[in-house]
Amino acid sequence: MSVFIDPAKFGNNLIAAFGTYLPCSLHTTVGGDRSNYPEYSGKILDLKSGYPAAIPYFHAVIDPEIRTGIAIAIVPSHDPAKTGGGLTALAGALSSGGRRIDASSSLVRAQKIAKLAHGGDRSLDIHMKTVAVANPGLIRGRDVLLLDDVAKTGNSLVACRQLLLSAGAKSVQCAAIGKV
């Protein structure tokens, strides 16, 4: 079963996207500045920074697109010490009222890696070696939406998907809030 209410809207891609993300560095290379930075990309940066206003914004974008009864997991931060960020809060908001399972704690980064946005290793292998399933009971036998804030190569999503499936998830659909 798809985690999406209308799977056709997201195509047959391994990684679905709720929108497009334009990195600031790319925006400025073509002469852009703060005054004309795309709103959606700015909201993603707000979510990454943990600004509370980003949660209702993305809740309104994602909630109508996903089914009830699913588990929502997230790709963990590059740093094991960084927990409880914007994605965690968003997963909690999407799960509020018991309509979905908050599985944001099901994956953990076991070893710190260089931040991907700053040139860190984006290989599938690095994620497979540094991410672990911490709470398999949250996803075992369930259809899971695996969320990440931004996908460029998608390797972190692919690695986490493999880990969740190996831990007993019934199905895992990857989605990025923004895709480069």
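How many bridges join β6 to β7? Select both strands and look: eight bridges join them, and the two strands run parallel. Keep in mind that this is a predicted model.

**Stop 1: the whole protein**

Show everything as a cartoon. The protein has six helices and seven strands. Starting at the N terminus, the order of elements is β-α-α-α-β-α-β-β-α-β-β-α-β. The radius of gyration is 16 Å, close to the 16 Å given by the globule rule for 180 residues, so the protein is as compact as a globular protein of that length.

Now turn the view along the principal axes. The C-alpha atoms fill a box of roughly 50 × 35 × 30 Å. Of the 180 residues, 43% are buried. Among contacts with a separation of 6 or more, 75% are between residues 24 or more positions apart.

**Stop 2: the sheet**

Hide the surface and colour the strands. Find the open sheet of five strands, in the order β1-β7-β6-β2-β3, with parallel pairing. Its edge strands are β1 (15–17) and β3 (101–102), each pairing on one side only.

Walk across from β1. Its neighbour is β7, residues 171–179, and three bridges link these two in the parallel sense. Select alanine 16: it stands opposite alanine 175 in β7.

Step on to β6, residues 143–151. Pick aspartate 148 and you will find alanine 176 of β7 opposite. How many residues of β6 are buried? Nine of its nine residues are, so β6 counts as mostly covered under the cut-off for buried, which is under 20% relative accessible area.

Next comes β2, residues 71–74. It runs parallel to β6, with four bridges between them. Alanine 71 sits opposite valine 144 in β6. Look at both faces of β2. Ala71 and Ala73 lie on one side, Ile72 and Ile74 on the other, and all are buried.

Finish at β3. Two bridges join it to β2, and again the strands run parallel. Select isoleucine 72, whose bridge partner in β3 is aspartate 102.

**Stop 3**

Now select helix α2, residues 39–48. It also packs on the sheet, touching β6 and β7, and its direction makes about 115° with that of β7. Which residues of α2 are buried? Show the side chains: Tyr40, Ser41, Gly42, Ile44 and Leu47 are. What covers these buried residues includes α3 (54–62), α4, β6 and β7. Past the helix, click on glycine 50. Its phi is positive, near 80°.

**Stop 4: a group of rings**

The structure holds six aromatic pairs. Select Phe4, Phe10 and Phe18, which form one aromatic cluster.

Start with phenylalanine 4 and phenylalanine 18. Their ring centres are 6.1 Å apart and their planes are at 70°, so the pair is edge-to-face. Phenylalanine 4 lies in the segment before β1, and phenylalanine 18 in the loop between β1 and α1 (24–29), so the pair ties together parts that are 14 residues apart in sequence. Both phenylalanine 4 and phenylalanine 18 are buried.

**Stop 5: lysine 179**

End the tour in strand β7, where lysine 179 has its place. Is lysine 179 buried or partly exposed? At 29% relative accessibility, it counts as partly exposed.

Show what surrounds it. Leaving out residues up to four places away in sequence, lysine 179 touches Ile15, Ala17, Gly19, Thr20, Tyr21 and Ala151. Glycine 19 is 160 residues away along the chain, yet the C-alpha atoms of lysine 179 and glycine 19 are separated by 6.5 Å.

Terms used: Residues are numbered from 1 along each chain as its sequence is written. Side-chain values use heavy atoms; hydrogens and water are left out. Two strands pair if DSSP finds at least two bridges between them. Contact means heavy atoms within 4.5 Å. Axes are lines fitted to C-alpha atoms, for helices over the stretch in contact, and angles run from 0 to 180 degrees between N-to-C directions. Buried means under 20% relative accessible area, exposed over 50%, partly exposed in between (1.4 Å probe, protein chains only). The radius of gyration is taken over C-alpha atoms; the globule rule is 2.2 Å times the number of residues to the power 0.38. Rings of Phe, Tyr and Trp (its six-membered ring) pair if their centres lie within 6.5 Å; planes under 30 degrees apart count as stacked, over 60 as edge-to-face and the rest as tilted.
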